[in-house]
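Me: I have a structure open and want to talk it through. Can you take my questions as they come?

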Amino acid sequence: MLSAITKKIKKISKPFEKGHLAEETRVCSNEKAKRGEALVRMEGIVKRFPGVVANDHINFEVKPGEIHALLGENGAGKTTLMNILYGIYRPDEGKIYVGGGKVEIKSPRDAIEAGMGMVHQHFMLVYPHTVAENIALGLSSSKFLFPLREVEKEVAELSERYGLKVDPKAKIWQLSVGEQQRVEIIKALYRGAQVLILDEPTSVLTPREIKDLFDILRRITKEGRAVIFITHKLDEALEISDRITVLRHGKVVATVDTFKTNKGELARMMVGREVLFRLERKPVERGKAVLEVKNLRASSDRGLPAVRGISFTLNEGEILGIAGVAGNGQRELVEVITGLRKATGGEVFILGEDVTNCSPKKIIEKGVAHIPEERIRMGLVPSMSVAENLILKDYCSPLFSENLFLKHTLIDQVAEKRISEYSIITPSKKTPAKLLSGGNIQRLILARELSEKPCLIVAAHPTYGLDVGATEYIRTLLLKQREMGAAILLVSEDLEEIMSISDRIAVMFQGEFMGIVPTKEAEIEEIGLMMAGTKRMMNPSEDSQ
Amino acid sequence: MIPKLKIEKRPIVSSSVTLAVSILSMLLALIAVAFVFLGYGVDPTYAYQKIFIGSFGSLTGFSETIVKAIPLMICGIGLAVAFKALVWNIGAEGQLLMGAIAATGIALYVIPEASSVLLLPSMFIGGFLAGAVWGVIPGVLKAKLKANEVITTLMMNYIASNLVEYLIYGPWKGAMEWGFPITNEFPLSAWLPYLPIGMGRIHYPTLILALSLAVLTYVFIMRTTLGFEVRVMGENPDAAKYAGMSYFKTVILVMLISGGLAGLAGVGEVAGIHHRLRYPKGISPPPGYGYTAIIVTCLGRLNPLAIILSSLLFGGLLVGGDAIQVIGLPFAAIGLFNGAILFFVLGGELLTRYKIIIRWRG
Amino acid sequence: MSLEAAEFLLHVAVRAGTPLLFSTLGEIYAERSGVLNLGVEGMMVMGAVMGFGTSLVTENVWLGILLAALVGGLLSLIHAFLSITLRANQTVSGIALTIFGLGMSGLLGKAYIGAPLPSRVRAVPIPLLRDIPILGPFLFQHDPLIYLSLVLVPLLWLLLFKTRAGINIRSVGENPATADALGVNVHRVRYLCVFLGGVLSGLGGAYLSVAYRPAWTEGMTAGLGWIAIALTIFSMWSPGRALLGAYLFGGVEALQYRLQPPPPYGLGISPNLLAMLPYALAVIVLLAGTRETIRKRMGAPSALGTPYVRGEK
């Protein structure tokens, strides 16, 4: 029995003997765990990008066996710092120490050899390949011919050990998001990661999956490994971490022991001022129906059903927030409503007219504004000027063109007006749009979409990646449009955002609405359960006034 | 001391850098091809002298340069529209031949009795339509079936070339010349008039057409709604779709224009130079106007006005090809310029987008 | 059709399809690693002229073939440098390579037009197997280069799908950022695959001028390189299907010889019309391949044609 155990341990620890650095850290970590010394130390890290200092003389360290949360707003520099630790970026200044010794991490390969493992926010997986092929990728220690047999065996063992249940032969695109994340973790552990870096891991998980992840993390750290947990969510940082480092505008604000701090203090450190958690929402008279969706169905890019029978009505002067973890069909729903995707069943009516499967042009002409999820890829022509981007959709209108010819003077005039109205910061209207900052790009898009008083606004993740100031501005703008009688469909992963400005909340899970509740009556726990698919309201398609 | 290269993206692409890079690319290509001349035992400076004096130094030479520049210009302008939308029309050669076929058919068999006033415009319209159809077919395949247009347009080139051969060996066979069949000569009413300068071969109506097309196309791209759609589609097809622009419409439009223009070039060649249909390599001598036009367009950075200049340059190179045969170099050496210039333009294009910073480390 | 005629057709189909097979196999590797190389025609024609010229001058066909493969590889490196290191537009770069190759080969080949080749690539029929009806003439009465191509197909398939290197290559073509993050040298993998593509294209061209014809005429590849690219899509980037496609085209070419003569030997169709067949077929094959790619949603390597830059926003 003992020999069987030792054999098993030997087998499992074999892949972890990678590179002398990892060996050192593993050996050192046990000793240092006793002394409380750092596993990884980053000193004086500076990283500059054109126009911004992403990391400004940051000191950061991780102790063995700890879960260390790296907390900050979007754009605070957390991912940049970890990308430096993982070798994706080189720091402009600063040093990195692993296990007490200075290291030069010039590439992810060096980082892996030094014992780092990283699970990125957008998974670094090859979707058409199998789990085993993904894990075997780049492994110099595997066999040349038929390497997968061995890999599959060892993956099975690893997943047993840490509770990371996954089928090595499954193709990645067949797995759920939670399972894909587990593949990423196994990938890192397989290569002997002593420090596991997770970048916003919970943004794609249901509450249940989050709980499972936390269990897995605790098991991993029991053996002296450390976990760095990047997040912008205060509650999670408080729940899972041993220590928290707060970043703001590229600088370290403080590193605190978790049990010694609280939500309010952390929020203040993150933002620098008291944050308004709720915006003013005036009661508005609800008007006639603007958008009616009946039993809508649509498929994803891979041909799997993404929208499976959605029905709802949206009236003038109301905001319907669609909550739900990304990847449950929200993107496809938005695309069908705006004409960018074909519906496979059901109908869409705008102002009483059937617009199912009409061209985007027709839908734009009906007065529908679309603030796209991917600002730069979809909503902007980066190399064209600000002015040209401002008329991207109405260049055909009699205001801007006559008989095929564009009226440039008029276009310029209107561009000036919109730039000042929406406070778009740009050197001139002729500047290429790609030079604008993220917040100003969104202002440009809003200026374009909202100027013509649309009757329906479809806003997909409008404040994603923007700072607090821009976020507040956009939410206020949407509320103003609501007061002017527009109907707004808001899709957001940020539950707090949805709750603060929506009149009603619909929870989307696997292509269906689990329920539609008025915000006044909504309870976070109930919404969470619906997001996870465990709760479903009776007759979710009927509106609850 | 090992220099470390760092490649950084330039925030703005300035036109002065673009111009400088275009000129630099050409110079580098000239230097590269000079080595080939050396390989043939010919002094490169002497060869270049012969080429440039031959093409630009005398009235005769310059008139021939213009003659060769005309089809390059027209094709190049059409290609600029297509490339602007990132539709890679490599079929200008075939579209040109189709235009030639149409013009021949009209001149010899459809309305041979008609007067110039009716015949010539009909030939041009017919040629435009033939080229346009030849271009729209791959366009439809691309827009509806996502077929790679590089391959489809190229295949159509070979089909068109074989069609010409079929016609001149078969139903349209007239006489024989150098062992190759040719069609009958066009009636005089189908001949384009000449400018009486140089070698007297400049068929000026086509030249005027070419120059006007350059201006028209420039205005079209920069100042019309359709041109706006073409530009947006070339810069960001996702945004074009999001903005309600029709991908299908834009692809068909640019293929129609570029195919039709290439067809016009074909009409110009048979009505202005040959006055009959010949074997394909006779109408469009190697390296082929349709293919050379690709480089003309790229060197002119897809700007119809700049294309006027670059087509003159390449016309001169083609004339130079005749000149260098006197000093022992084969005409085919000129074909090298095409590839070389395109390579260097490509490499140079990156210089306009990226800055290369060299840091010396001790 | 008599048995004899059928056997003859199959035999010629393989011979005619072999240049295509080599080039397609090469392009499959280049594209699997994410690089679109439209310069196949240029590399093939340079392989043809170099192969022929070297064989003529040195009176050694095998030296000629070797050199041709090398030249193809070297040319491909130009495209590789522009596309991978300098991140140029791969479509334009490939076209430039083709135009350059056609021009260069026209220049180099001037002296060889009409020259006969002193030594030839002889057929080596395999004893016993050669006598099997239909299969014998089809597969076992060929020259060593064809046998090489037949061996390469399963070998290259194995390498791509069942080895560690194959995983790396395919991942680089699907998601280079992921491969890079795991320590795979994306640029090196791409250079190697493009080089392999060039070598095989040069080989294909050499086969054309040294074994199949043998002769040199300007532009003798006549679009074969482009057909190879259409075949790459048709084969869904798998060596096995490339074999099928290449011999299909070989068959069409062989068919031309049957249909051209006047009756009662053939159908008397004009050779010019018949010559259009391969090109029209290429378009059809391209459409078929593209449709299947879309239908299966997992055809082309996702990163095909996109240069890779680490961490670029």
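This is a predicted model: local features need pLDDT of at least 70, side-chain atom pairs count only at pLDDT 80 or more; totals for chains, interfaces and linings use all residues.

Me: Start with the open sheet in chain A. What is the strand order?
Reply: The order is E6-E7-E8-E3-E9-E10, an open sheet of 6 strands with mixed pairing. Strands here are DSSP runs of at least two residues (E) and helices are runs of at least four (H or I), numbered from the N terminus. Two strands pair if DSSP finds at least two bridges between them.

Me: Which strands stand at the edges?
Reply: Strand E6 (116-119) and strand E10 (251-257) of chain A do; each has a single partner strand, so one side of each is left without a neighbour in the sheet.

Me: And how far are neighbouring strands turned against each other?
Reply: By 20° on average, direction ignored. Axes are lines fitted to C-alpha atoms, for helices over the stretch in contact, and angles run from 0 to 180 degrees between N-to-C directions.

Me: Is E3(A) buried or exposed?
Reply: E3(A) is mostly covered, with 6 of its 6 residues buried. Buried means 20 or more other C-beta atoms within 10 Å of the residue's own, exposed means 12 or fewer, and partly exposed lies in between, with C-beta atoms placed from the backbone. Ile67(A), Ala69(A) and Leu71(A) are buried on one side, and His68(A), Leu70(A) and Gly72(A) on the other.

Me: What are the bridge partners of Leu71(A)?
Reply: In E8(A) the partner is Thr231(A), and in E9(A) it is Val246(A). E3(A) runs parallel to E8(A), joined by 5 bridges, and 5 bridges also join E3(A) to E9(A) in parallel.

Me: What lies across the sheet strands?
Reply: Helix H8 (residues 207-221) of chain A lies across E3, E7 and E8 of chain A, at about 150° to E8(A). E7(A) and E8(A) themselves pair in the parallel sense over 5 bridges, with Ile197(A) opposite Ile228(A).

Me: Switching to chain B. How do H2(B) and H13(B) cross?
Reply: Their axes come within 8 Å and cross at roughly 120°. H2(B) and H13(B) are therefore oblique to each other; under 35 degrees counts as roughly parallel, over 145 as roughly antiparallel, 65 to 115 as roughly perpendicular and the rest as oblique.

Me: Which residues meet there?
Reply: Among them are Ala47(B), Ile51(B) and Phe52(B) in H2(B), and Gly316(B), Leu317(B) and Val319(B) in H13(B).

Me: How many residues does chain C put against chain B?
Reply: 36 residues of chain C are in contact with 38 residues of chain B, contact meaning C-beta atoms, placed from the backbone, within 7 Å. H12(C) gives the most to the chain C side, with 13 residues.

Me: Last one: is Lys102(A) buried or exposed?
Reply: Lys102(A) is exposed, with 10 other C-beta atoms within 10 Å. Lys102(A) lies in strand E5 (residues 101-103) of chain A and, leaving aside neighbours within four places in sequence, is in contact with Lys95(A) and Tyr97(A).

Terms used: Residues are numbered from 1 along each chain as its sequence is written. Chains are lettered from A and ligands numbered from 1 in the order in which they are written. Two residues are in contact if their C-beta atoms, placed from the backbone, lie within 7 Å.
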